[in-house]
Amino acid sequence: MSEAAVNRRIVLARRPQGAPTEEDFRLERLPLPAPTSGQVLLRTRYLSLDPYMRGRMNAGPSYAPPVAIGATMTGQTVSVVEASEVPAFKVGEVVLGNVGWQDYGVSDGRDLVKLDPAMAKSSYALGVLGMPGLTAYVGLLDIGQPQPGETLVVAAATGAVGSLVGQIAKIRGCRVVGVAGGTEKCEYARATLGFDACLDHREAELPQRLAAACPKGIDVYFESVGGAVLAAVVPLLNVNARIPLCGLVSWYNLEKLPVGVDRTPQLLTVVLRQRVKIQGFIIFDHYQRMRAFQQDMSGWLREGRVSYREQIIDGLENAPRGLIGLLQGENFGKVVVRVADG
């Protein structure tokens with residue numbers, strides 16, 4: 001089989017026990033898929049890596065079906081139309097799709113969105129102008145409802161979602177305190193993203209340092225991490241504080257509940273006493289906000305009010321290592337795999 005006629009794909013080889021390892025994935029080579037009537041053949045240019053993928057590797061009920069053993073890992077892609085049996089899509093058009101972790105895939109077109117050729121980088125459709133950006137926008141504005149002068153704390157402050165949460169909050173007139181892993185990330189949050197403060201969660205005494213950075217308490221906490229950051233935030237929550245909850249990445253690899261201090265009484269006591277609103281949300285429920293989000297975010301990018309950083313990984317074969325690093329906090333910005341040039 002010639003290289004040109006091969007479709008490489010990465011499948012789930014086994015369900016992880018705790019943190020994923022490279023042995024949980026398998027690279028396969030198959031014949032190129034052929035589109036039939038009503039289908040288009042797509043070639044992947046960029047593959048998005050996102051924390052939610054860890055949950056899809058587990059069996060059991062969730063908001064979306066798990067990836068089956070031996071099935072292609074799921075993922076959003078920027079793809080080019082290679083062949084089309086759907087009149088609405090022409091060869092050469094670039095689309096946002098769901099090809100997953102593979103070079104080629106087929107679609108009936110219903111899940112595809114044509115990308116504007118004027119977009120600065122097509123990979124932005126997987127980040128600042130796509131699902132992560134919409135997550136930041138909806139979670140902060142619709143659930144967090146920040147007001148001028150309030151204090152917002154955001155975990156994973158330089159990641160694909162957190163970096164945008166903080167910048168939108170600054171646009172809305174908030175004091176923004178980020179929490180990130182490492183001095184380089186914290187310096188970037190302050191100097192480039194414009195945060196008022198950023199704390200390295202790897203350093204000692206996070207609760208004390210967070211309290212010093214938030215002298216007026218915390219009005220909005222954008223939660224995507226859980227763990228020690230959440231524990232530091234809870235005692236500082238103000239009356240009527242809001243917590244948009246889009247992820248709990250520090251707990252994604254848990255196989256059973258951790259042994260140690262049970263902080264549930266403290267959390268719920270604060271929630272009751274301070275009348276705190278905690279609202280979990282799955283961004284798939286909010287795609288009706290996409291048009292307004294893209295209009296606002298495109299404007300902020302043009303005006304230089306929002307900065308954005310990508311971490312590009314070259315080669316489909318390196319996607320497993322990329323996801324493992326993302327879940328360990330090694331990423332700096334939005335992680336995208338460049339599968340093919342173009």
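This is a predicted model: local features need pLDDT of at least 70, side-chain atom pairs count only at pLDDT 80 or more; totals for chains, interfaces and linings use all residues.
Local features need pLDDT of at least 70, side-chain atom pairs count only at pLDDT 80 or more, and totals for chains, interfaces and linings use all residues. Residues are numbered from 1 along each chain as its sequence is written, and side-chain values use heavy atoms, with hydrogens and water left out.

Start at M297. This residue sits in helix 8, residues 290–302; helices are DSSP runs of H or I, at least four residues, numbered from the N terminus. M297 has a relative accessible area of 0%, so it is buried (buried is under 20%, exposed over 50%, partly exposed in between; 1.4 Å probe, protein chains only). Leaving aside residues up to four places away in sequence, M297 touches V128, L129, L164, I168 and V306, a contact being heavy atoms within 4.5 Å. V128 is 169 residues away along the chain, yet the two C-alpha atoms are separated by 7.7 Å.

Now widen the view. M297, L49 and W101 have the most contacts inside the largest nonpolar core, which has 59 residues. Such a core is a set of buried Ala, Val, Leu, Ile, Met, Phe, Trp, Tyr and Cys residues joined through side-chain atoms within 4.5 Å. Helix 2, residues 131–144, gives the most to this core, with eight residues. Another core, of 25 residues, lies apart from it and includes V179, L206, L210 and Y221.

Last, the cysteines. The whole structure holds zero disulfides, meaning pairs of cysteine sulfur atoms within 2.5 Å. For C174, the nearest cysteine sulfur, that of C214, is 12 Å away. C174 is buried, at 3% relative accessibility. For C246, the nearest is that of C198, 17 Å away. C246 is partly exposed, with a relative accessible area of 27%.

Methods: Helices (H or I, at least four residues) and strands (E, at least two) are DSSP runs, numbered from the N terminus.
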